[in-house]
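Keep the sequence and the 3D view open as you read.

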Amino acid sequence: MQPFMSQKILAISGSLRAGSSNHAILRFLSTMAPESVSFNIYNNLVQIPPFDPGIDHELPPEAVVELRNLIKDPDGIIICTPEYAYGVPGQLKNALDWTVSTGSLVDKPLGLITASTGGENAHTALLLILGVLSANVLKDATMLISFIRSKMDGEENITDEKTRESLIAGFNALLNVL
Ligand SMILES: Cc1cc2nc3c(=O)[nH]c(=O)nc-3n(C[C@H](O)[C@H](O)[C@H](O)COP(=O)(O)O)c2cc1C
């Protein structure tokens with residue numbers, strides 16, 4: 001029998017790559033979720049079309065409507081992303097642009113994990129972006145994990161104990177406010 005789900009989390013990875021370390025982090029966190037928490041990893045980022053303010057209100061694309069609903073529904077959000085070319089991955093930024101007009105992220109408790117080779121620039125930029133979207137970014141659930149690939153084995157397991165501990169602590173900080 002399905003246990004009663006009292007809290008819902010939506011997790012979004014900024015990487016579209018098969019074998020992504022950011023996906024692996026989200027899968028790791030999903031295994032840490034208590035039974036009462038529904039942990040949904042968003043898998044449709046690739047389908048979000050380029051942001052067009054001209055069709056934002058009248059005729060938003062289906063994938064955008066789905067994303068907006070998925071963001072509005074849960075109690076908390078986790079964004080876990082790499083950095084590309086010193087910036088936020090384009091497809092993640094594009095998806096966030098679609099949430100501006102609907103205010104889907106306003107006051108939403110959110111943990112930000114930037115897991116990359118370096119990642120400082122994307123992390124800083126995302127904090128600004130999430131600030132303008134009025135998300136409730138939780139400091140204790142937010143972290144930069146540099147050299148992520150060296151903290152994992154070839155089978156997508158996080159092998160660095162300190163990283164595992166930080167991820168669990170951040171996840172618990174998010175769960176505590178839901
Ligand atoms: C085109 C490209 C550009 C990249 N640029 C950066 C960068 O500016 N900063 C950084 O920290 N890592 C950069 N990386 C490395 C990624 O952070 C690294 O591949 C990371 O593991 C990707 O995340 P994923 O494993 O979840 O796909 C870049 C990788 C690619 C493919």
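The sections below go from the ligand to the helices and then to the loops.

## About the model

This is a predicted model, in which local features need pLDDT of at least 70 and side-chain atom pairs count only at pLDDT 80 or more, while totals for chains, interfaces and linings use all residues. Residues are numbered from 1 along each chain as its sequence is written, and side-chain values use heavy atoms, with hydrogens and water left out.

Which side chains have a polar atom by an oxygen atom of the ligand? Ser 21 has one at 2.5 Å, and Asn 22 has an N or O atom at 2.8 Å. On its own, the ligand has 620 Å² of accessible area, and the protein covers 70% of it. Such areas come from the Shrake-Rupley method with a 1.4 Å probe; for residues, only the protein chains shown count as cover.

Helix 1 runs over residues 21-32. Helices (H or I, at least four residues) and strands (E, at least two) are DSSP runs, numbered from the N terminus. Helix 1 has 12 residues and reaches 17 Å from its first C-alpha to its last, close to the expected 16 Å. The expected span is 1.5 Å times one less than the number of residues.

Ser 20 caps the N-terminal end of helix 1, with a side-chain oxygen 3.0 Å from the backbone nitrogen of Asn 22. Buried residues of helix 1 include Ser 21, Asn 22 and His 23. Buried means under 20% relative accessible area, exposed over 50%, and partly exposed in between (1.4 Å probe, protein chains only). The buried residues pack against several elements, among them strand 1 (7-13), strand 4 (109-115) and helix 5 (161-177). Contact means heavy atoms within 4.5 Å.

## Ser 15

Ser 15 sits in the loop between strand 1 and helix 1. Is Ser 15 buried or exposed? Ser 15 counts as buried because its relative accessible area is 4%. Its side chain makes a polar contact with the side chain of Ser 20, at 3.4 Å. A polar contact is a pair of N or O atoms within 3.5 Å; within protein, one must be able to donate a hydrogen and the other to accept it, and residues adjacent in sequence count only if both atoms are side-chain atoms. Ser 15 also touches Asn 22, His 23, Pro 82 and Tyr 84.

Helix 5 has 17 residues and spans 25 Å, close to the expected 24 Å. Its buried residues include Leu 167, Gly 170 and Phe 171.

Phe 147 lies in the loop between strand 6 and helix 5. Its phi is near 50°, a positive value in a residue other than glycine. Phe 147 counts as exposed because its relative accessibility is 55%. Glu 156 is also in the loop between strand 6 and helix 5. Its phi is positive too, about 65°. Glu 156 is partly exposed, at 34%.

Conventions. Lists of a residue's contacts leave out its neighbours within four places in sequence.
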